[in-house]
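Hi,

Here is the structure I promised to hand over.

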Amino acid sequence: MKLTLKQCTIRPWRPDDADSLARHANNRKVWIALRDLFPHPYTIEDAHTFLKSVINSQPSTLFCIEVNGDAVGGIGIRIGADVHRQTAELGYWLSQEFWGRRIMSEAVAAFTDFCFENFQLRRIYAEPFANNPASARVLEKAGFAFEGRLKNNVLKEGKLLDSLLYARTK
Ligand SMILES: CC(C)(COP(=O)(O)OP(=O)(O)OC[C@H]1O[C@@H](n2cnc3c(N)ncnc32)[C@H](O)[C@@H]1OP(=O)(O)O)[C@@H](O)C(=O)NCCC(=O)NCCS
């Protein structure tokens, strides 16, 4: 899999991404918008652990965002089970060094198209925290519809937050 876009490339993770991954992921401003599963601080050991698990997993659903030859972000889906087997949750992050250049707007739109074309999915959704308007905007621009506000859905760093439900369907 390789999506060559104007501003970035989306491709499988590789073992030699560890240094770049650890450097760009080790940022509180990235972590604060993600689940606690995403480590903080993000060490080189965390990068190796992540890469080992993702490189061996089938089907491949988690990918690297590469800019100027470096691994500077991640994008992926988690496919549901049972009655949700045609539904997937979308997640993504980008190194702060590259924010505001419309990289993720391009990546989310292209990656969602790719997922509908290559997996048997009828729904792809994302749940940005309500204090993350940039992520909500990225989803809107990629054709996701706002479906509602999930009150008190998230406990992040001791703070109770709402999250916003966005989805694209096929
Ligand atoms: C959220 C994130 C993915 C955005 O990536 P990005 O490449 O900087 O986003 P883009 O430049 O493509 O687009 C951002 C959009 O949000 C807008 N935006 C940015 N800050 C905003 C704010 N405070 N309020 C409203 N809109 C805002 C931008 O103007 C732009 O919209 P526009 O193209 O209409 O002008 C990135 O900041 C990130 O990785 N954050 C940490 C992890 C994260 O939040 N992941 C998503 C979890 S759901």
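Helix H1 spans residues 18-25 and is mostly covered, with six of its eight residues buried.

Before you read on, some ground rules. This is a predicted model, in which local features need pLDDT of at least 70 and side-chain atom pairs count only at pLDDT 80 or more, while totals for chains, interfaces and linings use all residues. Residues are numbered from 1 along each chain as its sequence is written, and side-chain values use heavy atoms, with hydrogens and water left out.

Now the overall fold. The chain has five helices and eight strands, taken as DSSP runs numbered from the N terminus (helices: H or I, at least four residues; strands: E, at least two). Their order from the N terminus is β-β-α-α-α-β-β-β-α-β-α-β-β. The radius of gyration, over C-alpha atoms, is 15 Å, which agrees with the value near 15 Å for a compact globule of 170 residues; that rule is 2.2 Å times the number of residues to the power 0.38. Of the 170 residues, 48% count as buried. Among contacts between residues at least 6 apart in sequence, 63% join residues at least 24 apart.

Then there is the ligand. Its shell holds 21 residues, of which Tyr92, Arg102, Ser105, Asn132 and Lys141 come nearest; to be near, a residue needs a heavy atom within 4 Å. Strand E5 (87-94), helix H4 (103-118) and helix H5 (133-141) each supply at least two shell residues, and H5 gives the most, with six.

- Asn132, through a polar side-chain atom, at 2.7 Å
- Gly100, through a backbone N or O atom, at 2.8 Å
- Trp99, through a polar side-chain atom, at 3.4 Å

Taken alone, the ligand exposes 970 Å², and the protein buries 75% of that, with areas from the Shrake-Rupley method and a 1.4 Å probe.

Best wishes

Key:
A polar contact is a pair of N or O atoms within 3.5 Å; within protein, one must be able to donate a hydrogen and the other to accept it, and residues adjacent in sequence count only if both atoms are side-chain atoms. Buried means under 20% relative accessible area, exposed over 50%, partly exposed in between (1.4 Å probe, protein chains only). Contact means heavy atoms within 4.5 Å.
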